[in-house]
Amino acid sequence: MDSSDTGIGGIKEAIVSIQGKGAFGMLKYESGVHRVQRVPKTETSGRVHTSAATIAVLPEAEDVDIEINDSDLKIDTYRASGAGGQHVNKTESAIRITHIPTGLVVTCQDESSQHKNRAAALRVLKSRLLASEQEKVAAERAAERRSLVSTGDRSAKIRTYNFPQGRVTDHRINFTSYKLNEILDGDITEVIEKLKIAEQQELMASDI
């Protein structure tokens, strides 16, 4: 979706969207600091250099359904003003709806009947509440992302990729694999399955 480079041949940040059944349930375990140990081509003395990348995996927010309880609404009727003929001026067809929990106020006097104005006002109110809720969800996701990224120091590492040894170690479950190339090519099923099992065992232990 977006990326920026370091200017010296590397990637500073990349944002990707991954779709598929159970995508988040599988990839959520990748959140954290991934440490890489390697000998760069420019290293003449063979020293191992360590670098780190922070990964934040977040679920994509879906549309938020809005339910409006009648008890949360204060509905006032009044006479519509402006053009519209005698009917508009003689009947209280205009509607003002106040959503008590949020203080949002919506008015409608465009329609000829009170019933139609009420329906129209409710549609507007629901749209505004939906927009407000979506903004709240977006803010929570942004805060979650900042929280994940802010822990990106090397002491918070979850996994190490050691090139000289061809080794991958997940420090959360003390699992080590020597399939470095396969894992870097995307074959992370074995690691994910072991993390799932560890999580299930931890949940079962907490219920006892």
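## Ground rules

Residues are counted from 1 along each chain as its sequence is written, and side-chain values rest on heavy atoms, with hydrogens and water left out. Because the model is predicted, local features need pLDDT of at least 70 and side-chain atom pairs count only at pLDDT 80 or more, while totals for chains, interfaces and linings use all residues.

## The five-stranded sheet

Let's start with the open sheet of 5 strands, which has the order E4-E3-E8-E9-E10 and mixed pairing. Strands here are DSSP runs of E with at least two residues, helices are runs of H or I with at least four, and both are numbered from the N terminus. Two strands pair if DSSP finds at least two bridges between them. Strand E4 (49-55) and strand E10 (175-177) are the edge strands, each pairing on one side only. On average, neighbouring strands of this sheet are turned by 15 degrees against each other, direction ignored; the axes behind such angles are lines fitted to C-alpha atoms, for helices over the stretch in contact, and angles run from 0 to 180 degrees between N-to-C directions.

Strand E3 (residues 32-38) pairs with E4 in the antiparallel sense over 7 bridges. One place to look is glutamine 37, whose bridge partner in E4 is threonine 50.

E5 and strand E6 (residues 94-99) are joined by 6 bridges, and aspartate 76 has arginine 96 in E6 as its bridge partner.

Strand E1 (residues 2-5) and strand E2 (residues 11-15) run antiparallel, joined by 4 bridges. Aspartate 2 is bridged to isoleucine 15 in E2. The two strands E1 and E2 form a hairpin with 5 residues between them, and glycine 7 in the turn has a positive phi of about 90 degrees.

## The nonpolar core

The largest nonpolar core has 12 residues in all, including Leu27, Tyr29, Tyr161, Phe175 and Leu195. Such a core is a set of buried Ala, Val, Leu, Ile, Met, Phe, Trp, Tyr and Cys residues joined through side-chain atoms within 4.5 Å. Buried means under 20% relative accessible area, exposed over 50%, and partly exposed in between (1.4 Å probe, protein chains only). Helix H4 (180-184) and helix H5 (189-207) are the elements that give two or more residues to this core, and H5 gives the most, with 3 residues.

Isoleucine 197 is found in helix H5 and is partly exposed, with a relative accessible area of 44%. Its C-alpha atom is separated by 10.0 Å from that of isoleucine 173, 24 residues apart along the chain.

Asparagine 174 lies in the loop between strand E9 (167-170) and E10. Asparagine 174 is not a glycine, yet has a positive phi of about 55 degrees. Most residues other than glycine have a negative phi. At 69% relative accessibility, asparagine 174 counts as exposed.
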